Amino acid sequence: MGAIGSPRSLREPHSRPEATLCRVGEKPNARGAARGPHAGYRHRVVVSDLDGTLWSHDERVHPRSRRAIAELEAQGIRLLFATGRRLAAARRGLDPLGWAGNLVTMNGATGTDLRSGTEWHREAFSHAAAAATWDTFLEARLPPVVYVCDETTDVVFPPGCATSPAHRASFERAETHYPGPVLASGRVIGFALCGIEGSAWTRAQAVGARLAQRAAVHVGPDATYGGGWLAVGPPAATKRATVARWCAANGVAPADVVALGDGGNDLELLGWAGTSVAVRGSVCAQAGADHVIAPPSDGGWASVLDLL
């Protein structure tokens with residue numbers, strides 16, 4: 001299956017699979033009756049985005065979606081979340097659910113097992129790549145937030161940082177200074193601007209276009225802070241690449257994966273997975289997906305149970 005939007009585009013979206021629907025963990029036998037849990041279910045792993053897919057931007061998870069998460073765990077279907085958020089911000093929404101599994105953060109730059117606390121993947125910029133990326137932002141007069149992997153600090157705000165005040169206020173573990181030493185540390189995992197508007201947004205899109213050939217670039221409307229957002233990660237840091245790495249290490253084929261998402265940073269992952277699920281009205285739904293679900297405010301995420 002090709003990436004969404006590629007010449008090998010996905011099938012036209014539809015709201016239900018053509019095959020007979022079964023509850024999670026069941027599969028129809030020759031007579032159409034369902035067998036018990038774990039008896040030959042088609043999919044082994046569910047991978048989901050968070051913002052705009054599992055929860056709305058207030059981080060509220062619909063009761064039906066909460067029950068669906070519990071049912072997946074009860075049936076032994078492994079669940080991963082893959083998000084553009086940093087680890088602390090993702091945990092803020094996940095911890096109230098009591099979920100502790102494998103979490104891909106920063107659009108694939110890091111992977112963490114929340115149950116054990118083990119970081120099983122990290123993709124950071126080299127010194128040269130971090131410096132070149134920083135220079136590209138500065139040439140556009142847009143000093144970005146610099147994301148780092150550090151025990152005490154999540155981000156560095158440079159003087160004159162161009163991200164929105166609301167985005168800046170969302171960080172608890174932050175430093176404010178020129179990031180030169182950080183760029184050379186090998187700990188930089190991303191650069192970002194959120195909630196930017198007007199001429200700054202125009203310049204940010206140009207920055208994204210310039211960096212697209214040498215970094216993982218995500219750019220689009222910012223549904224959280226308004227305006228637009230630009231996130232730039234190491235070239236190998238994508239949701240698809242990191243999820244694929246985890247699947248390969250755990251003996252899971254792409255055909256065994258159901259992936260859910262809504263944004264541009266989910267397109268490649270949905271194109272790779274055996275079954276793609278997009279939120280109605282989203283970029284992913286418009287690009288083409290195997291199934292379309294209702295938005296998180298309506299508990300659409302729970303529909304994943306009908307696809308397993």
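Reader: What covers the buried residues of H6?
Author: The cover includes helix H3 (127–139), strand E9 (188–196), strand E10 (216–221) and strand E11 (228–233). Contact means heavy atoms within 4.5 Å. Helices (H or I, at least four residues) and strands (E, at least two) are DSSP runs, numbered from the N terminus. This is a predicted model, in which local features need pLDDT of at least 70 and side-chain atom pairs count only at pLDDT 80 or more, while totals for chains, interfaces and linings use all residues. Residues are numbered from 1 along each chain as its sequence is written, and side-chain values use heavy atoms, with hydrogens and water left out.

Reader: Which residues of H6 are buried?
Author: Ala200, Trp201, Ala204, Val207, Gly208 and Leu211 are. They cover an arc of only 115° around the axis (taken from the directions from the helix axis to the C-beta atoms), so they lie on the same side of H6. On the other side, Ser199, Thr202 and Ala209 are exposed.

Reader: How do you know that the span of helix H6 agrees with 1.5 Å a residue?
Author: The expected span of a helix is 1.5 Å times one less than its number of residues. Helix H6 (residues 198–211) has 14 residues and should span 20 Å; its end C-alpha atoms are 21 Å apart, so the two agree.

Reader: Why is Asp256 called buried?
Author: Buried means under 20% relative accessible area, exposed over 50%, and partly exposed in between (1.4 Å probe, protein chains only). Asp256 has 18%, so it counts as buried. Arg44 has 29%, so it counts as partly exposed.

Reader: What makes the meeting of Asp256 and Arg44 a salt bridge?
Author: A salt bridge needs a side-chain nitrogen of Lys or Arg within 4 Å of a carboxyl oxygen of Asp or Glu. For the side chains of Asp256 and Arg44 the N to O value is 4.0 Å, so the pair counts. This pair links distant parts of the chain, 212 residues apart: Asp256 is in the loop between helix H7 (239–249) and strand E12 (257–261), and Arg44 is in the segment before strand E1 (45–48). Side chains of opposite charge can pair when their charged atoms come close.

Reader: How many salt bridges does the structure hold?
Author: There are 14. One of them joins the side chains of Asp58 and Arg60 at 3.6 Å. Asp58 has a relative accessible area of 43%, so it is partly exposed, and Arg60 has 64%, so it is exposed.

Reader: What makes the contact between the side chains of Arg92 and Glu59 polar?
Author: A polar contact is a pair of N or O atoms within 3.5 Å; within protein, one must be able to donate a hydrogen and the other to accept it, and residues adjacent in sequence count only if both atoms are side-chain atoms. The side chains of Arg92 and Glu59 make theirs at 2.8 Å, so it is inside the limit. Arg92 and Glu59 are 33 residues apart in sequence, with C-alpha atoms 8.7 Å apart. Arg92 is in helix H2 (residues 87–94) and, at 45%, is partly exposed.
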